[in-house]
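Subject: Handover of a structure

Dear colleague,

Please find the structure below, followed by an account of what was found in it.

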Amino acid sequence: MTPVEALERVVHCLDRAHETGFKTKAFVRALEVVRATPPDELVERAAAGTLAKLDGIGDSTARLITEALRGDTSYVEKIEAETAVTLTDAGARYRAALRGDCHLHSLWSDGGATIEAMARTARSLGHEYMVLTDHSPRLTVAHGLSKERLEQQLADVAVLNEKMAPFRILTGIEVDILEDGTLDHDDAVLAELDVVVASVHSKLRMERQPMTERMVRAVASPHVDILGHCTGRMIGKRDPSTFDADYVFAACAQFHTAVEINCRPERLDPPRELLDVAIDFGCYFSIDSDAHATGQLEWQPHGCNRAAERHVPIDRVINTWGADDLLRWVQAA
Ligand SMILES: [Zn+2]
Ligand SMILES: [Zn+2]
């Protein structure tokens, strides 16, 4: 393992542990410094014990680099063990069945990694495909993609797909559900994409009735395939939004829009009681990481544990299907 590989792996592990503070920033910064430093200089500095004199390298990162140069992986292994994502025995059955991930972001919007890095990680986790779902234009804080940028992204994805075959990057977007339930891209744009995730990101505190109408309208769109993080809650920080779950999930079942089981630890959306309602309505589901970094692609176990706990019918989880079956379902809906 080279120093760069060791640092990349540690950053990946800290991401999967949802460690976003000082420690992660220190390793990300060190990674930039190491990439910019000639390998010979790193070797000399490691021998002389002067790595930490480089701006951006501290004691822990210097230790990691020194170990990597010696072929010693003990620090990386320690971080690996400390950050492993918990998977219950019941959840393991769901995780083993997953063949893809239908909601994730790249540097094109607010993610932290390239499309290629996300794809390589998804493949290393055993997936056959991933759906790339960067944000739509209205979400300016997340550098949402205009029609033009989306077109450029599609061209990039086509090139990457040649390079990564048989792994497949399906095209998609996480499109904002606007206040009136319309979507943040024209139908013609959405029709070009393989899979569309639609999510509410604004006016989450809307009254129950208009929120219900807003969500039902989006779910009923023939272009929408998955309803993302339906309540918008942030555990401990933001309450779930209020809507009539009977109407929304009945619409999801009726219009073949899968209910996402969002695996981000701070979301775990829908909450248990709503997940039970969606199961009763015979909805389809998608267990998605909503990853914004490579390490976060390892979050699917959170959703698998939850799906197992509530007995989500595994044959209704759309990302347990192969890409061709998934695309057939999407097109038929
Ligand atoms: Zn979202
Ligand atoms: Zn997202």
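Is H256 buried, exposed or partly exposed, and how many other C-beta atoms lie within 10 Å? With 17 such atoms, H256 is partly exposed; a residue is buried if 20 or more other C-beta atoms lie within 10 Å of its own, exposed if 12 or fewer, and partly exposed in between, with C-beta atoms placed from the backbone.

This is a predicted model, in which local features need pLDDT of at least 70 and side-chain atom pairs count only at pLDDT 80 or more, while totals for chains, interfaces and linings use all residues. Residues are numbered from 1 along each chain as its sequence is written, and chains are lettered from A and ligands numbered from 1 in the order in which they are written.

The sheet

The model holds an open sheet of seven strands in the order β1-β2-β3-β4-β5-β6-β7, with parallel pairing. Helices (H or I, at least four residues) and strands (E, at least two) are DSSP runs numbered from the N terminus, and two strands pair if DSSP finds at least two bridges between them. β1 and β7 (285-288) stand at the edges with a single partner strand each, so one side of each has no neighbour in the sheet. β1 runs parallel to β2 and is joined to it by two bridges; here G100 stands opposite Y129 in β2.

Strand β6 (residues 258-262) is largely enclosed by the rest of the structure, because five of its five residues are buried. A258, E260 and N262 are buried on one side, V259 and I261 on the other. β6 pairs with β5 (residues 226-227) in the parallel sense over two bridges, and I226 stands opposite A258.

The helices

Helix α14 (residues 323-332) has the buried residues A323, L326 and V330. Seen down the axis of α14, these fall within an arc of 60° (taken from the directions from the helix axis to the C-beta atoms), so they line one face of the helix. The face turned away from them carries the exposed residues D324, D325, R328, Q331 and A332. Among the elements that cover the buried residues of α14 are β3 (168-176) and β4 (195-199); two residues are in contact if their C-beta atoms, placed from the backbone, lie within 7 Å.

Helix α6 (residues 89-97) and helix α13 (residues 300-309) have axes that come within 7 Å and cross at roughly 115°. Axes are lines fitted to C-alpha atoms, for helices over the stretch in contact, and angles run from 0 to 180 degrees between N-to-C directions. In this contact A90, G91, R93, Y94 and R95 of α6 meet Q300, P301, C304, N305, A307 and A308 of α13.

Loops and backbone

H256 has a positive phi near 50°, although not a glycine, and is found in the loop between α11 (245-254) and β6. H143, in the loop between β2 and α8, also has a positive phi, of about 55°. The peptide bond from A165 to P166 is cis, with omega near 10°, and P166 lies in the loop between α8 and β3. D269 and P270 are likewise joined by a cis peptide bond, with omega about 5°; P270 is found in the loop between β6 and α12 (272-280).
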